[in-house]
Amino acid sequence: MKKKIVKYNKFLSYESDSLKMEEVSLVGIAKAIKTPVYCYSVSQIKYNFKELKKSFSNCKPLICYAVKANFNKNIIKILGQLGAGADVVSIGELKQCLKNGISKKKIVFSGVGKTSEEIKFAVKNQIKQINVESEEELQEVIEICKKLKKKIDVGLRVNPNVDAQTHKKISTGRFEDKFGIPQTKIVSIFQKFRNNGYVDINCVSIHIGSQIRSLLPFKLAFKKLRNLILNLQKKSFTLKSIDIGGGVGIVYNDKKDKIFTISNYAKLIEKYFTDFKTQIILEPGRFLVGESGVILSKVIRIKKGENKTFLIIDAGMNNFIRPSLYSSDHQIFPVKNKKTKQKYEVVGPICESSDIFKKNFLMSELKQNDLIVILSTGAYGSCMSSRYNLRNEAKEVLIEGKNFFGI
Ligand code: LLP
């Protein structure tokens, strides 16, 4: 009998009504590994990286994977093998990258609150650059370089005062946000620290927010950054690189979200920056790994309430906090598709009313121990999990072709 295959995306499909990631049955994964478990499609990650890379035609940007999106060591290894560098925000992420094959000369250290211990470690390891977020931090980097008798390249993170038009909790480019140095102060810092002997300030960086769905905020920020660079050039400062940050949104709900194409994003970058003939750095997180991941979870029980039916699953907000924190709407699929449908409120077991994954949701009728997946959880999923309610963190597994590994 011919198998019926219904594809959701390139690497997730129903074969005879049973869900597979790449060539691996998710029923099989749940037999092998205790749920909830994060499953990542390696081919999807590779595909995303290659798509981003090939969108550029006039320059070859250095793609520094924003490790904060997912610090799984196997994911870092895979991206490193494809030539990615890394954008890190803590000594933990920095060590994770050094241990897992990312060249130190491709690592950018961002973040508003680097400690002196973290700065020392970065300087000692001679990473590519530190993106500083204040004049105060810059002073500290210089003091540390003096003591260690070492130099380091520095980028200034510019706050361009642009609203990224995304969720307010992940907006980072307005003056009211704690991030970056106000654009008005950048030139004077370049001037003040010219020829200081310890740090070479030779990059400007921006990152205006995350899950950005329209090119307009990027355009506004790029315009401002471009003018700033022209201004710096007039004062004879030369840049080694321009760091565009991350922020590219992904489709979480294919019925609601509409996002620009990655090639239009690349075109916009090329339009504003390639004539400077300077290295372009990108810091994508979500774009590279978001779509690659699902959480595979089991139904604990179905509870009939007064006016709704609760589908209680074994993944909770401790495993995946995005819906509770940002009201994000992730698609949920049954692992075994059935014809009969039922309306559910999909909830976790945590003792908080915000532990909800989906409200008023019509899906295949399920029973105890049936499996579901929560989609597009590859970014800011496992890395934001906690032991709340003294629950275990979910295991993680990578899937490629017929194989799975990395548990
Ligand atoms: N570069 C910097 C300096 C960043 O702060 C971030 C993200 C990125 C790059 C990567 O941004 P992406 O390409 O992933 O949008 N937990 C939130 C997202 C927080 C993003 C923080 N910074 C969420 O789940 O939506």
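Biologist: Why does A394 count as buried?

Modeller: A residue is called buried under 20% relative accessible area, exposed over 50% and partly exposed in between, using a 1.4 Å probe and protein chains only. A394 has 15% relative accessibility, so A394 counts as buried. Before we go on, this is a predicted model: local features need pLDDT of at least 70, side-chain atom pairs count only at pLDDT 80 or more, and totals for chains, interfaces and linings use all residues. Residues are numbered from 1 along each chain as its sequence is written, and side-chain values use heavy atoms, with hydrogens and water left out.

Biologist: Where is A394, and what does A394 touch, not counting residues up to four places away in sequence?

Modeller: You will find A394 in the loop between β20 (371-374) and β21 (395-400). Strands are DSSP runs of E with at least two residues, helices are runs of H or I with at least four, and numbering starts at the N terminus. Contact means heavy atoms within 4.5 Å; beyond residues up to four places away in sequence, A394 touches P36, V37, Y38 and N319.

Biologist: What makes the peptide bond from T35 to P36 cis?

Modeller: Its omega is near 0°. P36 belongs to the loop between α1 and β5 (37-41). Most peptide bonds are trans.

Biologist: How do you know that A30 is buried?

Modeller: The relative accessible area of A30 is 13%, so A30 is buried. A30 is part of helix α1 (residues 26-32). Leaving aside neighbours within four places in sequence, A30 is in contact with T35, L296 and L371.

Biologist: How do you know that the length of helix α2 agrees with what it should span?

Modeller: The expected span is 1.5 Å times one less than the number of residues. For the 13 residues of α2 (residues 42-54) that gives 18 Å, and the end C-alpha atoms are 18 Å apart, so the two agree. Among the buried residues of α2 are I45, F49 and L52.

Biologist: Why are α4 and α5 called roughly parallel?

Modeller: Axes are lines fitted to C-alpha atoms, for helices over the stretch in contact, and angles run from 0 to 180 degrees between N-to-C directions. Angles under 35 degrees count as roughly parallel, over 145 as roughly antiparallel, 65 to 115 as roughly perpendicular and the rest as oblique. Helix α4 (residues 91-99) and helix α5 (residues 116-124) pack at about 25°, with axes 10 Å apart. They are therefore roughly parallel to each other. In their contact, I91, L94, K95 and L98 of α4 meet E117, E118, F121 and A122 of α5.
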